[in-house]
Amino acid sequence: MAPKLPPQHTLEQSSATTTAGQAQEHDHHHGGPTGIKRWLLTTNHKEIGTLYLLFSLSMFFIGGIFALVVRAELFQPGLQLVEPEFFNQMTTMHGLIMVFGAVMPAFVGLANWMIPLQVGAPDMALPRLNNFSFWLLPVAFGLLLSTLFMPGGAPNFGWTFYAPLSTDYGPPSTTFFIFSLHIAGISSILGAINIIATILNMRAPGMRMMDMPLFVWTWLITAFLLIAVMPVLAGVITMMLMDINFGTSFFDAGGGGDPVLFQHLFWFFGHPEVYIMILPAFGIVSAIVPAFARKPLFGYASMVYATASIAILSFLVWVHHMFVVGLPLAAELFFMYTTMLIAVPTGVKVFNWVTTLFRGSITFETPMLFALAFIVMFTIGGFSGLMLAIVPADFQYHDTYFVVAHFHYVLVPGAVFAIIAGAYYWLPKWTGHYPDERLGRWHFWLSVIGVNLTFFPMHFSGLAGMPRRIPDYALQFADFNMVSSIGGFIFGVSQLLFIAVLIKCVRGGEKAPAKAWDGAEDLEWTVPSPAPLHTFETPPDLTSQAPQRH
Amino acid sequence: MRMVLAWVTGMGAAFLLAPAVYANGWNMPVGVTEISQDIYSLHMAIFWICVVIGVVVFAVMFYSLFRYRRSQGAKADNFHENTTVEVLWTTIPLLILVGMALPATATLQKMYDPSGADLDVMVTGQQWRWHYEYLDEDISFTSSMSTPGTQIRGEEERADEYLLDVDNPLVLPVDQKVRFLLTSDDVIHSWWVPDLAVKQDAIPGFVNENWVRIEEPGIYRGQCTELCGKDHAFMPVVVHAMEQDDYEEWLADRKEEAEAEANSVDREWEMDELMERGEQVYGSVCATCHQDDGSGSGEFPALAGNEEMLDDVDWHIDAVVNGVSGTPMAAFGGNLNAVELASVITYERNAWDNDTGDVVQPSEIQELLE
């Protein structure tokens, strides 16, 4: 095993400082705000990280309930439970809440908790900004959810809110939706600035960029993506706002505008956005796989370069969401080639993980199970992505359930499984207790079965011709939909086990030492478990260490 | 570990069995055009490439998981980084991709050549129906879903063509190159028939192009594939492909009907005639929003007992012909002819106990349209 742990003297120093830190913590909080104010006013990266994670978890359940309404209606052909108007609100809100409310804040929460610990920093670079970024989110999503109770209902035009359906034909609540997305966008940009500032300025002495854990690297790149594209989203929704309320015609053909411009702008944001939701997942899996294979990651440097390549390519592929919009042949070809290219760095990542497993010494604790499932199912999602890149075939796949299957494979057993894996992996550090293995295994197997029952049949219904976003369907799709619905409910209900694991783990369980997993590397495992409120007030000195990564 | 194996075997069996159970309707249709067959071949080629790569990668992965278990005493190796391996697993995928891109490019170039069309059809998406116009033949009509609400609500047994049947299918000749020009009157729709491998967005303010040369007579069904509002699920596409002779016969009948209708504009129409025609037009064009019984739904007002409409016949005519601004009510003056407009307005003024006794003559409307 690579000697990646800091040398003994560093370890002693850091545990000494953290013991001192615990003593200081007592002083700090003596007379500090208590009760609700403690959480409202906190500037501590661990507390804010916890807030982000709890917020994300609650959004995951709310968005999940919306998905189950959709799946319940689609259990059988015909309209049984909801009207088409409400069905459209459910698909829209499910997408918006999951993307902006569940997956993105979960990664920011993990970044808040782990990045300072992984780079040996005492906190985030901008702690007050950190507090502000978090508390914008409940405002944004409170506003978004309140549209469900407004006259005309919530947004009903899909999470991609194509004009003119969302502008000239949208419900009155569209303006609230725009405002809430603006607020969530500001939160993301501020969070990204904070993460970049922390990583670039607050690494422990001696930690070079190429010594950083991959979770830090992937987040650094993700944060730059966020800063690059969130303003584009802000721009496009501001143009919508103008079209709706101030008489402009950016997207209204009747006034000389261009509905296709909307799609270009949206996807110029939207495609990097998909990578924003997967790159940190790569980082998590790249931490877990070596830890439980007890073997260093096969190619650290190539993983960093692959992540950077994916990020750069993400700005050059947005038109693959628009292949049937009626663009010139040259544009279709260019974007087909760039999209296919993404398979190369993505392949490099998968090959690296698999090679890391080869000749390891492997155990299958819950974090590892979720990480392994991630590799398999993310790869399946990658394959369908490659199929979708082939433009002629995309004329058949586009806007069918095949696409729904594809992006759910990369987002649910992809991003969401990675987040869950990260939670199981770092829970001992957060709570001082190991998560319950038996419950964890149940959670894992039920999730795997549920997710595959839900999304695998969607490949078939899509290929057979079922369009997405329909509340009722032709009879030949009935069996696949019934299976999907059953799977959806299995997956949804089994997430309650995750809650049980979390509660149990916070309350007690087997005590975890500082280095909770024997194969785990990185600085976070040098501080006690649970991590005291203040860590690394004196940074660990890594200058005397031999090069770690390669 | 045994569970992993059980899972892998179980999933594998399920995936292999699925095709057997669903001999029809689990894969992309091969279709009835050269392009659709090319696309199907591309689809299967890329699929099998993915399967092969997947089998190799997952085989190595599951072998490692099985072979190098710590519980079986595996000791971890420490190797990492190997330039040869890394160059190989970057270049080999690249070559496979180039191999895939070549046929895809060739097919796409074929698809992008609509030149030399024998027939041009303008396809206009409207919430929630399609309007077809044969550009050189002076024929146009609206095509709406004909599946009744009773089937959707489960009050009646669902037909085989549930949600995929229309009142007026698009009729096309086989072995002729048909060019589609697609646009929309309101939001973005997308016109798709899987068997023809034609899917093209219909966008307001744009005219998109696509084309088809159907090789076999038959009835081909598809749906709108771009979310276009509440009845997105209920705007099917049905194409009836006929031999040239049958097509010409159909064309002649259609023309005759159109001519007869045009000639009948000037004559005095009886109430009963107008009501009968009006009910037909209403069912095809108006009922999706205002409902069969005129009771309305959501933002679409009830027409039964609607005072604004019943008190003022001129307002009513204006609303139907020119639309109502600030509401979803579209202008139908361009899509329906004078007879259709007059009859549907008469129908709305007298159906469902509205009983105004008003008769709106096609000639009145014709004047207005001119």
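Visitor: Let's start with T160(A): does this residue count as buried or exposed?

Guide: Keep in mind that we're looking at a predicted model. The cut-off for buried is under 20% relative accessible area. T160(A) comes in at 4% relative accessibility, so it counts as buried.

Visitor: Where in chain A does T160(A) sit, and which residue's side chain makes a polar contact with the side chain of T160(A)?

Guide: T160(A) belongs to the loop between helix 5 (127-146) and helix 6 (174-201) of chain A. Setting aside neighbours within four places in sequence, T160(A) touches F262(A), F266(A), W267(A) and R469(A). The polar contact, at 3.2 Å, is between the side chain of T160(A) and that of R469(A).

Visitor: On to helix 16 of chain A. How many of its 27 residues are buried?

Guide: This helix covers residues 437-463 and reaches 39 Å from its first C-alpha to its last, close to the 39 Å expected at 1.5 Å a residue. Helix 16 of chain A is mostly covered, and the count of buried residues is 20.

Visitor: Which residue caps the N-terminal end of helix 16 of chain A?

Guide: Past the helix you'd find G465(A), which follows it and has a positive phi near 120°. For the N-terminal end, look for a side-chain oxygen 2.8 Å from the backbone nitrogen of R438(A). That oxygen belongs to D436(A).

Visitor: Now chain B. What order do the strands take in the five-stranded open sheet?

Guide: The pairing in this sheet of chain B is mixed, and the strand order is 3-2-1-5-8. The edge strands, each pairing on one side only, are strand 3 (139-143) and strand 8 (208-213) of chain B. From one strand to the next, the twist averages 25°. So, to come back to your question, the order is 3-2-1-5-8.

Visitor: In strand 3 of chain B, which residue is the bridge partner of Y132(B)?

Guide: Strand 2 (residues 129-134) of chain B pairs with strand 3 of chain B in the antiparallel sense, over five bridges. Follow Y132(B) across to strand 3 of chain B and you land on its bridge partner, F141(B).

Visitor: At about what angle does helix 5 of chain B run to strand 3 of chain B?

Guide: Helix 5 of chain B takes in residues 244-263. It lies across strand 1 (119-126), strand 2 and strand 3 of chain B, and its angle to strand 3 of chain B is about 90°.

Visitor: Why is strand 6 of chain B described as largely enclosed?

Guide: In a regular strand the side chains alternate between the two faces of the sheet. Here H189(B), W191(B) and V193(B) point one way, while S190(B) and W192(B) point the other way, and all are buried. Strand 6 of chain B is largely enclosed by the rest of the structure because its buried residues number five of the five.

Visitor: Which residue stands opposite W191(B) in strand 9 of chain B?

Guide: Strand 6 of chain B is joined by five bridges to the antiparallel strand 7 (residues 198-202) of chain B, where W191(B) stands opposite Q200(B). Strand 6 of chain B also pairs in the antiparallel sense with strand 9 (residues 218-224) of chain B, over two bridges. In strand 9 of chain B, the residue opposite W191(B) is C224(B).

Visitor: What percentage of residues 273-352 of chain B is helix?

Guide: An unreviewed UniProt entry lists this stretch as "domain: Cytochrome c". Its strand content is 0%, and its end C-alpha atoms are 17 Å apart. The helix content is 57%.

Notes:
Residues numbered from 1 in each chain as written. Chains lettered and ligands numbered in written order. Predicted model: local features only at pLDDT ≥ 70, side-chain atom pairs only at ≥ 80, totals over all residues. Heavy atoms only, no water. Buried < 20%, exposed > 50% of the residue type's maximum accessible area, 1.4 Å probe, protein only. Helix = DSSP H or I, 4+ residues; strand = E, 2+ residues; numbered from the N terminus. Pairing = 2+ DSSP bridges. UniProt positions renumbered as here; feature names shortened; annotations may be inferred. Expected span 1.5 Å × (residues − 1). Polar contact = N/O pair within 3.5 Å; in protein donor to acceptor, adjacent residues only side chain to side chain. Axes fitted to C-alpha atoms, helices over the stretch in contact; angles between N-to-C directions. Contact = heavy atoms within 4.5 Å.
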